[in-house]
Amino acid sequence: MTPSQKYLDTLLLYYEEEIMGEAYFRAVSRQYSDPDRTYKMELMARVERHAANAVLPLLQRYRLTPRTDKELHDIGLEDIKDEAPDWDRFIADMQASFPDYMPEFRALEEMGPEMDKSRLSFLTKHEVAAIEFLELEARKRDSVGTMLEYLRASPSDPKLI
């Protein structure tokens with residue numbers, strides 16, 4: 001199956017958005033003086049990069065050329081404020097908006113050729129991990145477990161490597 005242009009454009013966009021997200025969360029992490037909050041935002045940044053790295057081989061397969069990390073990081077930093085956001089409000093805002101991305105990730109999975117499914121599913125799972133983190137963090141529970149599991153995982157499908 002030859003992938004559609006819509007699939008290729010969306011794949012490239014989502015890859016680039018993960019790199020932007022990495023820069024955003026890394027910058028937010030540096031704004032907090034609380035080491036726990038710094039750590040959690042750094043984990044979010046690492047999850048974003050891990051998700052991007054999982055689909056990078058697909059970009060290479062289809063000869064898609066993303067903008068440079070520097071360009072994408074610069075875009076990711078555009079929404080950074082001068083001071084750290086109020087933690088509880090920040091978590092609540094993300095908790096409210098992140099589930100809205102799930103249909104988009106699932107739609108990308110549906111568009112993709114069968115041989116891409118493992119990596120596309122892995123991309124979707126990063127959002128699942130982030131949503132679970134936000135839900136647990138909002139309830140003041142131990143929240144980082146799913147993100148750590150995601151970072152230990154890989155989309156290891158030997159057909160794709």
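How many aromatic pairs does a search of the whole structure find? The search finds 8 aromatic pairs. The model is predicted.

## Aromatic pairs

A pair of aromatic rings is described by the distance of the centres and the angle of the planes.

Take tyrosine 24 and phenylalanine 90. Their ring centres are 6.5 Å apart, with 50° between the planes, and the pair is tilted. Tyrosine 24 sits in helix α1 and phenylalanine 90 in helix α4, so this pair links parts of the chain 66 residues apart. Phenylalanine 90 is buried, at 7% relative accessibility.

Phenylalanine 122 and tyrosine 150 form a stacked pair, because their planes meet at 20° and planes under 30 degrees apart count as stacked. Their centres are 4.5 Å apart. Phenylalanine 122 belongs to helix α6 and tyrosine 150 to helix α7, 28 residues away in the chain. Both residues are buried.

## An aromatic cluster

Tyr24 and Phe90 also belong to one aromatic cluster.

## Where α4 meets α6

Helix α4 covers residues 87-97, and helix α6 covers residues 117-138. Their axes come within 9 Å and cross at roughly 140°. That angle makes α4 oblique to α6. The crossing is left-handed.

From α4, the contact uses Trp87, Ile91, Met94 and Gln95. From α6 come Phe133, Leu134, Glu135, Glu137 and Ala138. By class, the contact has 6 nonpolar, 1 polar and 2 charged residues.

## Glycine 21

Glycine 21 lies in helix α1, residues 5-31. Its relative accessible area is 11%, so glycine 21 counts as buried. Aspartate 74 is 53 residues from glycine 21 in sequence. In space, the two are 11 Å apart, C-alpha to C-alpha.

Note on methods. Residues are numbered from 1 along each chain as its sequence is written. This is a predicted model: local features need pLDDT of at least 70, side-chain atom pairs count only at pLDDT 80 or more; totals for chains, interfaces and linings use all residues. Side-chain values use heavy atoms; hydrogens and water are left out. Helices (H or I, at least four residues) and strands (E, at least two) are DSSP runs, numbered from the N terminus. Buried means under 20% relative accessible area, exposed over 50%, partly exposed in between (1.4 Å probe, protein chains only). Axes are lines fitted to C-alpha atoms, for helices over the stretch in contact, and angles run from 0 to 180 degrees between N-to-C directions. Angles under 35 degrees count as roughly parallel, over 145 as roughly antiparallel, 65 to 115 as roughly perpendicular and the rest as oblique. A crossing is left-handed if the near helix is turned anticlockwise from the far one by less than a right angle, and right-handed if clockwise. Contact means heavy atoms within 4.5 Å. Ala, Val, Leu, Ile, Met, Phe, Trp, Tyr, Cys and Pro count as nonpolar, Asp, Glu, Lys and Arg as charged, and the others, Gly among them, as polar. Rings of Phe, Tyr and Trp (its six-membered ring) pair if their centres lie within 6.5 Å; planes under 30 degrees apart count as stacked, over 60 as edge-to-face and the rest as tilted.
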